[in-house]
Amino acid sequence: MTAPGELAVRVSRIAAAIPAGHVLTYGDVAELAECRSARLVGTLMARNPTGAELPWWRVVTAQGTLPPHLRPEARERWRDEDTPVRGSGDEDVRADLARARWTPEDGVPGLEHGVPEPGRYPGADGPGAGRPDRDAPDGT
């Protein structure tokens, strides 16, 4: 396996810096990472080439949603973190961007010096926490 590229590392570090109870859109992360493509950020988040445990539920679409198969778990994580949401069911739940969007006052802490190292962030709870597609069937 080759080492992840600089952009993948920047995206991972930005995602890891999002505080509990807040979200950023793929476009927000792209802007902070100095990348022109929100879609590329989504691809990097899905593939997670850095292997870091990322709070994937804190990076959402411009509508505040995630793919349908991730919404039930995201809803639980958002509830645990007191993230403002809209909708109540798995199909219509979305982060309330007006209230939950994180606005770093002075940018992402450490971004000017390479962004905080990705890895275990507050709220991670198991080996597959950053890779929802790889969680064991029993949730561990």
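## Helix α4 and its buried side

The buried residues of α4 are R71, A74, R77 and W78, where buried means under 20% relative accessible area, exposed over 50% and partly exposed in between, with a 1.4 Å probe and protein chains only. They cover an arc of only 120° around the axis, which puts them on the same side of α4; the arc is that of the directions from the helix axis to the C-beta atoms. These buried residues pack against β2, β3 and β4, contact being defined as heavy atoms within 4.5 Å. D82 follows α4 and has a positive phi, near 60°.

The model is predicted: local features need pLDDT of at least 70, side-chain atom pairs count only at pLDDT 80 or more, and totals for chains, interfaces and linings use all residues. Residues are numbered from 1 along each chain as its sequence is written, and side-chain values use heavy atoms, with hydrogens and water left out.

## Overall architecture

The protein chain holds five helices and four strands. Helices (H or I, at least four residues) and strands (E, at least two) are DSSP runs, numbered from the N terminus. Along the sequence, the pattern is α-β-α-α-β-α-β-β-α.

Of the 140 residues in the protein chain, 44% are buried. Among contacts between residues at least 6 apart in sequence, 62% join residues at least 24 apart. The accessible surface of the protein chain is about 7800 Å², and 49% of this surface belongs to carbon and sulfur atoms. Accessible areas come from the Shrake-Rupley method with a 1.4 Å probe, and for residues only the protein chains shown count as cover.

## The nonpolar core

The largest nonpolar core contains 31 residues, of which M45, L66 and W78 touch the most other members. A nonpolar core is a set of buried Ala, Val, Leu, Ile, Met, Phe, Trp, Tyr and Cys residues joined through side-chain atoms within 4.5 Å. Two or more residues of this core come from each of α1, α2, α3, β2, α4 (71–80) and α5 (97–100). The largest share, five residues, is given by α1. In soluble globular proteins, nonpolar side chains tend to be buried together.

W78 belongs to the buried residues of α4. Leaving aside neighbours within four places in sequence, W78 is in contact with V23, W57, V60, G64, L66, T83, V85, V93, R94 and A95.

Helix α3 spans residues 38–47, and its buried residues are V41, G42, L44 and M45. They cover an arc of only 165° around the axis, which puts them on the same side of α3. The cover over these residues includes α1 (6–17), α2 (26–32) and β2 (59–60). On the face of α3 turned away from the buried side are the exposed residues R39, A46 and R47.

N48 follows α3 with a positive phi, near 45°, and lies in the loop between α3 and β2. N48 counts as buried because its relative accessibility is 2%. The side chain of N48 reaches the backbone oxygen of A52 at 2.7 Å. A polar contact is a pair of N or O atoms within 3.5 Å; within protein, one must be able to donate a hydrogen and the other to accept it, and residues adjacent in sequence count only if both atoms are side-chain atoms.

## The aromatic pair

The structure holds one aromatic pair. W56 and W57 form this pair in an edge-to-face arrangement, with 5.5 Å centre to centre and 90° between the planes. Rings of Phe, Tyr and Trp (its six-membered ring) pair if their centres lie within 6.5 Å; planes under 30 degrees apart count as stacked, over 60 as edge-to-face and the rest as tilted. W56 is buried at 6% relative accessibility, and W57 is buried at 0%.

T25 is placed in strand β1 (residues 24–25) and counts as buried at 5% relative accessibility. Its side chain reaches the backbone nitrogen of D28 at 2.9 Å. Not counting residues up to four places away in sequence, T25 touches V59, V60, T61, A62, L97 and R101.

S88 is placed in the loop between β3 (85–86) and β4 (94–95). S88 is exposed, with a relative accessible area of 63%. The C-alpha atoms of S88 and R75 are separated by 8.6 Å, the two residues being 13 residues apart along the chain.
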